[in-house]
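Welcome, and thanks for taking a look at this one with us. Here is a short briefing to read alongside the chain.

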Amino acid sequence: MSVFMEKFFVTTPIYYINDKPHIGHAYSTIIADVLARYHRLKGEAVLFSAGVDENAQKTIHAAEAAGKDPTNYTQDMSDIWETTWQQVGITNDVFIRTTSPQHKAAVYELIKRVEAKGDISKGTYEGYYCVGCEAFKKEDDLVEGLCPDHKKKPEWLKEENYFFSLSAYQDQLLAHIEKNPDFIKPPSRRNEVVAFIKRGLQDFSVSRSTQKWGIPWPGDDAQVVYVWFDALVNYLTVTGFPNEQSARFWPADLHIVGKDIIKFHCIYWPAMLLSAGIPLPKTVFAHGFFTIDGQKVSKTLGNTIDPLELASTYGLDSLRYFLLREIPLGGDGDFSFERIARRYESDLAKGLGNFVSRVVTLASKTSEPLIPPLECDARIEVEKAWGQWSAGLEAYELDRSLDAIWRVISWGDKHIEEKKPWTLAPESAEYIHVIATLGEVVRQVGLLLSPFMPQTAEKITELLGIRKEASGDFQSSRQWGVEKFGTIEKGKPLFPPVS
Ligand code: MSP
């Protein structure tokens with residue numbers, strides 16, 4: 001690996017294992033996967049981490065309900081999460097478990113540094129705790145006495161705990177957010193965090209004395225580390241922290257999180273890092289939620305949808321496309337089976353699939369070599385799309401990149417309608433000119449799709465008869481007209497009717 005190679009380190013939240021993955025989790029994970037694939041295509045060294053958050057109080061409840069001891073339960077559930085991501089085609093480089101010895105070592109090192117800074121003290125926590133959020137709650141966080149996210153009454157705790165001096169970092173955090181406009185994205189979330197900090201930060205409890213599962217507090221076996229104080233450290237563990245090699249990927253370029261956990265990622269986590277003298281991640285990107293009839297999809301609310309089930313009906317790429325399309329940047333998106341069916345039909349079967357199949361059918365009618373013209377409107381269109389595609393991916397505005405791809409598809413459809421190639425003789429120079437142009441547009445659409453819909457991208461390459469081993473690296477193969485088409489035969493539809 002060249003020392004000058006750019007790196008990109010992207011993370012997903014590590015998920016609780018009290019249930020199996022649902023589409024909300026798949027959403028965060030797929031966003032991270034698209035970005036990891038994009039940065040790999042750019043030729044960068046990528047570290048993409050995913051994993052599970054096992055040391056929570058809810059783990060014990062779930063293990064009890066399953067009639068298993070927590071160690072077996074976490075092993076079984078962790079396997080389910082890891083395999084689900086494999087089945088969904090997620091290309092994470094590491095899968096972190098917070099019950100692993102490496103993670104414990106990283107947590108101890110962080111606590112050692114924070115203690116050395118004088119930021120840990122003993123105190124009494126008396127107040128609410130929501131097991132759904134695994135968070136301490138104040139009276140005014142509740143709506144009619146219930147946690148607004150989980151619709152449950154939190155537990156009342158009174159414990160002797162260790163506390164972290166969060167309040168000491170209020171000014172430094174505000175200064176960092178102001179100096180680094182990319183630290184929290186999108187801007188609506190940044191404003192939310194700034195307003196929260198300005199209301200005043202309070203020290204928080206970082207250990208639990210009544211929880212019997214978790215990482216023992218160093219030097220005090222009567223306490224375990226509070227689950228968030230342990231879980232956030234996973235982002236360092238996966239880089240090899242505290243070993244020197246950690247600097248290869250740390251600081252993280254991007255933490256993908258849902259809007260429910262920004263306080264932990266944009267306030268607690270940077271304060272912990274400031275205290276330990278570790279550089280802060282470059283960006284925390286908070287996305288919105290999938291809702292069902294306006295309610296968050298969650299295990300606690302009992303309205304989950306299995307991503308594998310959806311994928312078995314529509315295919316993995318359609319699942320990816322649907323999830324990325326349905327939530328506008330920063331907002332929420334309501335999930336319904338009708339919407340996924342409509343998107344599949346209009347954007348994929350009739351849009352992308354139909355365009356590719358029309359061009360492939362037309363191309364299969366001639367045996368003349370198809371060499372796309374170097375100067376043409378199609379090339380200008382495609383180059384415009386690449387610009388918008390990259391800008392969207394760089395800004396983590398994936399819908400912008402998808403728009404760019406679908407604009408090329410519409411342009412191609414219009415071009416077919418204008419040129420009416422079916423009125424031309426298949427061996428005529430004009431026919432070949434039109435079809436070579438369209439063939440190249442299809443090839444470029446395949447490349448543009450590759451981080452988003454990798455299987456479809458591959459199928460397009462196959463349909464055009466381009467041998468995989470013949471195609472060069474992504475940067476060179478995206479040059480207009482650079483690849484030779486092979487034998488083009490009408491293939492199966494990319495998005496067949498769903499029964
Ligand atoms: N374990 C913590 C995260 C620790 S990270 C150091 C946690 N886990 S979780 O299992 O509850 O997953 C929360 C994350 O899942 C959300 O932040 C979000 O990224 C994703 N989603 C869960 N439900 C979701 C929706 N309904 N819609 C979109 N994303 C959602 O919090």
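Predicted model: local features only at pLDDT ≥ 70, side-chain atom pairs only at ≥ 80, totals over all residues.

Two helix pairs come up: H14 with H15, whose axes cross at roughly 165 degrees, and H11 with H16, whose axes cross at roughly 125 degrees.

**Helices H14 and H15**

- Helix H14 covers residues 398-419 and helix H15 covers residues 429-449; their axes come within 10 Å and cross at roughly 165 degrees.
- Because angles over 145 degrees count as roughly antiparallel, H14 is roughly antiparallel to H15.
- The crossing of H14 past H15 is left-handed.
- On the H14 side, the contact is made by Ile405, Trp406, Val408, Ile409, Trp411, Gly412, His415, Ile416 and Lys419.
- On the H15 side, their partners are Val434, Leu438, Val441, Val445, Leu448 and Leu449.
- Sorted by class, this contact of H14 with H15 holds 12 nonpolar, two polar and one charged residues.

**Gly412, in helix H14**

- Gly412 is found in helix H14 and is one of the residues that meet H15.
- Is Gly412 buried or exposed? Gly412 is buried, since its relative accessible area is 0% and buried means under 20%.
- Leaving aside residues up to four places away in sequence, Gly412 touches Phe355 and Leu438; Leu438 is among the H15 residues in the helix contact.
- Gly412 and Val356 are 56 residues apart along the chain, and their C-alpha atoms are separated by 9.4 Å.

**Gln444, in helix H15**

- Gln444 lies in helix H15 and is buried, with a relative accessible area of 1%.
- Which side chain makes a polar contact with the side chain of Gln444? The partner is Trp386, at 2.8 Å.

**Helices H11 and H16**

- The axes of helix H11 (residues 316-326) and helix H16 (residues 454-463) come within 7 Å, with a crossing angle of roughly 125 degrees.
- H11 and H16 are therefore oblique to each other.
- Leu316, Asp317 and Arg320 in H11 meet Pro454, Gln455 and Thr456 in H16.
- By class, the contact of H11 with H16 divides into two nonpolar, two polar and two charged residues.

- Ser28 lies in helix H1, which spans residues 23-41, and counts as buried at 4% relative accessibility.
- What does Ser28 touch, not counting residues up to four places away in sequence? The list is Thr12, Pro13, Tyr15, Ile256 and His287.
- Ala341 sits in helix H12 (residues 337-363) and is partly exposed, with a relative accessible area of 33%.
- From Ala341 to Tyr128 there are 213 residues in sequence and 43 Å in space, C-alpha to C-alpha.

**Backbone features in loops**

- As background, most peptide bonds are trans, and most residues other than glycine have a negative phi.
- Where in the chain is Pro186? Pro186 is in the loop between strand S8 (184-185) and helix H6 (187-198), and the peptide bond from Lys185 to Pro186 is cis, with omega near -10 degrees.
- The peptide bond from Phe241 to Pro242 is also cis, with omega near 10 degrees; Pro242 is found in the loop between helix H8 (234-237) and strand S13 (254-258).
- Glu144 is in the loop between strand S6 (135-137) and strand S7 (155-164), and its phi is positive, near 50 degrees.
- Glu144 is exposed, with a relative accessible area of 80%.
- Lys151 lies in the loop between S6 and S7 and has a positive phi of about 55 degrees, although Lys151 is not a glycine.
- Lys151 counts as partly exposed, at 44% relative accessibility.

Methods
Residues numbered from 1 in each chain as written. Heavy atoms only, no water. Axes fitted to C-alpha atoms, helices over the stretch in contact; angles between N-to-C directions. Helix = DSSP H or I, 4+ residues; strand = E, 2+ residues; numbered from the N terminus. Parallel < 35°, antiparallel > 145°, perpendicular 65-115°, else oblique. Left-handed = near helix turned anticlockwise from the far one by under 90°. Contact = heavy atoms within 4.5 Å. Nonpolar A, V, L, I, M, F, W, Y, C, P; charged D, E, K, R; others polar. Buried < 20%, exposed > 50% of the residue type's maximum accessible area, 1.4 Å probe, protein only. Polar contact = N/O pair within 3.5 Å; in protein donor to acceptor, adjacent residues only side chain to side chain.
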